[in-house]
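Please have a look at the model first.

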Amino acid sequence: MKLNFGFLIYGAAFLTAAMFTACSDDDDQVLPGYTITTVSFDKVPESMIAVDEYGSNYYSSYDGEQVKSGYMARIGETDTYVQFPVNYLWQEWVPGNPWKYEFYNGGFVVSDFTNMTGADYKNQCSVYNQSGGHNDANFIVANGYSVANGSSVSYDKCAKIYLTDKTGYQVVLSDPDQPVSGEAHYGTFNSVWVCNTTYSYLAMKDGNGIAHALKDDNGWFKVVFVAMDKNCKPTGKTVSYYLANFDASKTKESGLDNEIRTGWNKVDLSGLGDNVCTVAIDFEGSDVGAYGINTPAYVALDDLEIKVNE
């Protein structure tokens, strides 16, 4: 059944009709009643990979073909696909308030950059790991975090992973107030490998004029995976993983003792529950200013394991 997602009014990110789809990895496990697959990013076409550490080709200002579609991979031989889009949002500060794909809106960029010294946003697509991704060069960078609106929380600027059908989510140009529609599919997110980006790591380590060095304030920073239903509303199930901790009261729960996490680490996502169609990538931290978290809200992801029923 075709579904119209009401949450898209808030500008969730999705693909245009012309999107790339790829078979999932070779280690699919086809078992009675379900398929488990690990989605990596080594099969992403070169045209969809960031052209530089900034990810210039993920912005409308790029002097070339902008990447408007996110990576999409099939789960084994099932009719379910997993999608990693760039956010398509209403541009509140642009005359005419158009809807646009822009990485500063949040979402995902596929990258293979490993610049471990660039400390500003121009290096936002580099992972803080010399060899790149977990098992190969490519990985994805998630950007964006939730915003409190009074007593409610909006996840429209979070990067989101979607399970969908082979057509994916696409722009509905005839309806500017609700620009995309799609069909939700369901599965279980088992695990994912995470690593700090260089931009975030160095901001947490040294500060950058906006973000504080976390060690100076007994600070902490973590990524939060949020399970969502077909209307992009939180189910109440989350998984948190600390990316840095200098707060003695959080040593046990974080697994970190006055340190910033390094390298690729596997995160168990089973706490998100079964029958999940969307996972938002959110962030929480101690360094908060008037406009939200000061620590750059980025994390690199790779080798996402998903189980879907057939």
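## A strand and a cavity

The model is a predicted one, where local features need pLDDT of at least 70, side-chain atom pairs count only at pLDDT 80 or more, and totals for chains, interfaces and linings use all residues. Residues are numbered from 1 along each chain as its sequence is written, and side-chain values use heavy atoms, with hydrogens and water left out.

Strands here are DSSP runs of E with at least two residues, numbered from the N terminus, and two of them pair if DSSP finds at least two bridges between them. Here are the pairings of β9:

| Pair | Sense | Bridges |
|---|---|---|
| β8 (residues 107–111) and β9 | antiparallel | 5 bridges |
| β9 and β23 | antiparallel | 4 bridges |

Within β23, leucine 301 is the bridge partner of isoleucine 140. In β9 (residues 139–143), 5 of 5 residues are buried (under 20% relative accessible area with a 1.4 Å probe, protein chains only). Phe139, Val141 and Asn143 lie on one side, Ile140 and Ala142 on the other.

Now to the cavity, a set of points on a 1 Å grid over the protein atoms alone where a 1.4 Å probe fits but cannot get out. The structure has 1 cavity of 30 Å³ or more.

How values were computed. 1 Å grid on protein atoms, 1.4 Å probe; cavity = no way out; pocket = protein on both sides within 12 Å on 5 of 7 lines; lining within 4 Å. Points joined across faces, edges and corners; volume = space filled by probe spheres on them. Buried < 20%, exposed > 50% of the residue type's maximum accessible area, 1.4 Å probe, protein only.
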